[in-house]
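Open the model in your viewer and keep a selection panel at hand.

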Amino acid sequence: MSVDVTPTGQVQEFVAVLQRRRWQIILPALFVLTFGAAFAVVVPKKYVVETRIELTETRNPLDYIGKNPQDGSTLREATNVQEHVVNYERIKTIVSTELIEYWPEYERADRATQYEILRKVMENVSVTPVVKSKSIGSTFVDIDYKDIDGDRAVAFLERVNTYWFEEIRAQSEADLATERDVLAEAEHDARVEYKNANDDWGKLCRQMGHNPAIAPDSRDRGSGAAVDFIYEALKEYQRKQQDNEVSLLNARSELKSHQDALAVEPDTVRQVQLQEGANFTEQIAAAEQAIEGIEAELARMTPRAKAYERNTKRIELIQKRIAGLREREKEATQVDVIVPNENKELLRGQVREKAAAVAMFENERELLKSKIDEFQEKADGRSNDYLLLQALWSERTEAVENLAAATRELRMKESAILLNKETAASGLRVTMAPTKPDAPSEPSVVLLVAFSLFAGLALGMAIALVSEYARNSYRTVTDLAAVLTVPVLGAITVIVTEREARRALLRRAVVGVSSVVILASVASMVYVWSDEDMQGMLPVSVLQAIESFRLKLM
């Protein structure tokens, strides 16, 4: 009879392994939990102290258009506020001199340790600019500092604010003074450049007999005389030519419209005379007369005019009214009479008038063209004389603009210096003073202990599973039956001798006792250290080691 080799489920096998190797799980979990709890007790508990600074925009009152916010001392700090606040030299001054009573370890430490203390302080400072909803208004900056001593954190942030404010004032005054000196030199160079350009301009104007107060191509408004008649006349003829082209185009368009209307207009029209019934002859005649009056107005308009479209619609309405009256006359006895079309003759007259206007504009165009050619030839002969004059005028104008811009910037910078002296301190305002919290904020002891427990269990399970599945052998009858082609008839369990059993028991006892001793030692040491009255019971070397460890975690 063969042995039952039916494989068990993977979950059942996994549970069996965990039960069989439970002490390999429990011991690592206890060690990690104990050391984690000790770490949670020993690790420095930090107070998070916060303060908020308002950076008020100080603007240059003389810059009414741009408002030039960059001249304000506070706005200079807003761009790189992290680098301005977390400043190594400033923090070193605060720690080593201003607040040395809060850092006694700094005074007795060597240079490398002092640098490490300052680096830890800088890492615990966090600067966060508050995002503004708009591009205007004050800028707020939140400064957070973490420290195991809440009073020290409050004092540190207060000194940081004071030093920052004082440094902003001094640095802004130095920067603005340097910028003012640069602008003063630029203003002097612009003034010299303007004087040279103005002298060259005046000299050439005297040689050409030109009025130095006006541009070469402008008009002397004092005398009313053209600076150069040739150029003025050429410009006038060119302007008239443009007007002529527009008028000619409109006249041709109107002529074409009248010719098309004349082509479709019949020579005769049919009139209806009523012998009986209602007679609307007078009303129809009045309406047709109104149409003729409107058409006469249309003849004086261009098709693109707004009144032209409006009058056309009026004609259509009157024609519909005439058609209605004639329909009503048909109810009586009617007699059709063929008469000459008066509109035909009226359109002929309008076509003749427009044709004469087109001819007049064409003659005017030829005359203007000949005048423009004549004065263009004369202007070409004087171009070289005025090229140099125009160049000197441009140089002089540019020099005037440069001098005005340099003078304006210099005045703005001088006013910015005065503004900085008045507003450097008021531009920075503490809106939330640093205050010591009631309890440390981080790290959380509960979270550290919980994490240690889960990490210990995970580590123990990992050790148990690796120990079980890393062996290069068949662990169960099922594993052996899976690779053999013959049935398994029986299985021999592990034979443990009495001597081997005593050794295993002794090994477990040693491991258990040593684990209890280690864990109890760690727990008691942490307990004694946590009580300030009992800390004297610990050796000095242990206290120094713990403090060195805590210093690295700060």
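How many helices and strands does the secondary structure of the protein come to? There are 16 helices and six strands, taken as DSSP runs numbered from the N terminus (helices H or I, at least four residues; strands E, at least two). This is a predicted model, in which local features need pLDDT of at least 70 and side-chain atom pairs count only at pLDDT 80 or more, while totals for chains, interfaces and linings use all residues. Residues are numbered from 1 along each chain as its sequence is written, and side-chain values use heavy atoms, with hydrogens and water left out.

Next, select W23, I26 and L30, a nonpolar surface patch with about 300 Å² of accessible area together (Shrake-Rupley method, 1.4 Å probe; for residues, only the protein chains shown count as cover). Patch residues have over 30% relative accessible area and no salt bridge; nonpolar side chains (Val, Leu, Ile, Met, Phe, Trp, Tyr) are joined within 5 Å, like charges within 9 Å. A salt bridge is a side-chain nitrogen of Lys or Arg within 4 Å of a carboxyl oxygen of Asp or Glu. W23 is in helix α2 (residues 22-42) and counts as exposed because its relative accessibility is 55%.

Now select E185, D189, E193, D200, E395, E398 and E401, which form a negative patch (Asp and Glu count as negative), with charges placed at CG of Asp or CD of Glu. Helix α8 (150-208) and helix α12 (342-423) each supply at least two of its residues; α8 gives the most, four. Finish on E193 in α8, partly exposed because its relative accessibility is 41%.

How values were computed. Buried means under 20% relative accessible area, exposed over 50%, partly exposed in between (1.4 Å probe, protein chains only).
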